[in-house]
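Here is a short tour of some local details worth a look on your screen. Please keep the model open beside the text as you read.

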Amino acid sequence: MKLLGGIISPYTRKVRIVLAEKKIECEFEIADVNPPENPVNAHNPLGKVPTLLMDDGTALFDSRVIVEFLDSVSPIARLIPEDNRERVAVRRWEALADGCLDAGLLVRYESLRPKKEQSAAWSSKQAGKLKRSLAAIAGELGERAWCHGDRYTLADIAVGCCLGWVDFRKPAGIEYRSEYPALARFYDRLMERQAFSDTVPK
Ligand SMILES: N[C@@H](CCC(=O)N[C@@H](CS)C(=O)NCC(=O)O)C(=O)O
């Protein structure tokens with residue numbers, strides 16, 4: 001298998017962390033998806049990373065589908081609970097963290113457009129989603145060690161990747177660490193895991 005991804009891409013980081021936690025061997029190739037014509041298009045019509053190239057030539061996307069596949073191929077370190085309600089709760093955390101990132105990326109992409117083409121109203125709408133979802137993550141996590149239940153799951157990985165990217169890019173000038181110290185402590189604990197420290201955006 002080969003993972004096409006980006007070093008800073010938080011969704012790619014989610015997949016890389018799942019691979020590492022589950023001890024699954026996978027080649028990693030950095031793919032630049034910025035140009036309209038890019039090497040990912042041939043495998044994924046959406047032209048986005050992460051895209052996982054399977055040994056049989058098929059491609060899996062997006063990160064949520066890839067992590068579900070990876071969690072099912074090996075019993076090591078199950079990250080998605082089997083129980084229906086628990087699984088839905090973990091996937092809800094992932095949807096919240098990924099949705100927060102989606103808004104953050106839109107804020108960033110907008111800021112990279114020529115000044116006269118930027119829409120302040122559009123950026124502010126996306127920044128609103130970003131701020132509300134960070135507040136929701138902080139409120140729902142509180143001072144607990146893990147997002148769901150009493151163990152490390154995909155929920156923690158998704159939230160950790162979201163926090164790492166928000167801190168790295170600071171979309172809309174957000175400084176989450178000073179605004180939500182409990183979230184900063186949560187992220188710092190995750191960074192003690194090698195899967196996190198090996199994949200830090202830089
Ligand atoms: N929902 C997707 C989002 C993937 C995504 O948006 N990746 C970004 C990089 S962080 C990308 O490929 N952007 C290129 C583009 O949108 O053209 C997932 O979870 O994999």
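Lys23 is exposed, with 65% relative accessible area (exposed means over 50%, buried under 20%, partly exposed in between; 1.4 Å probe, protein chains only). Its phi is positive, about 55 degrees, although Lys23 is not a glycine. You will find Lys23 in the loop between α1 and β2; helices (H or I, at least four residues) and strands (E, at least two) are DSSP runs numbered from the N terminus. Ala172, in the loop between α5 and α6, also has a positive phi, near 55 degrees, and is partly exposed at 44%.

A word on the source: this is a predicted model, in which local features need pLDDT of at least 70 and side-chain atom pairs 80 or more, while totals for chains, interfaces and linings use all residues. Residues are numbered from 1 along each chain as its sequence is written, and side-chain values use heavy atoms, without hydrogens and water.

| Charged residue | Ring | Distance to ring centre |
|---|---|---|
| Arg16 | Phe28 | 4.3 Å |
| Arg193 | Tyr152 | 3.6 Å |

Where are the cis peptide bonds? One runs from Val49 to Pro50, with omega near 5 degrees, and Pro50 is in the loop between β2 and β3. Another joins Phe61 and Asp62, with omega about 0 degrees; Asp62 lies in the loop between β4 and α2.

Conventions: A charge sits over a ring if NZ of Lys or CZ of Arg is within 6 Å of the ring centre and within 35 degrees of the ring normal.
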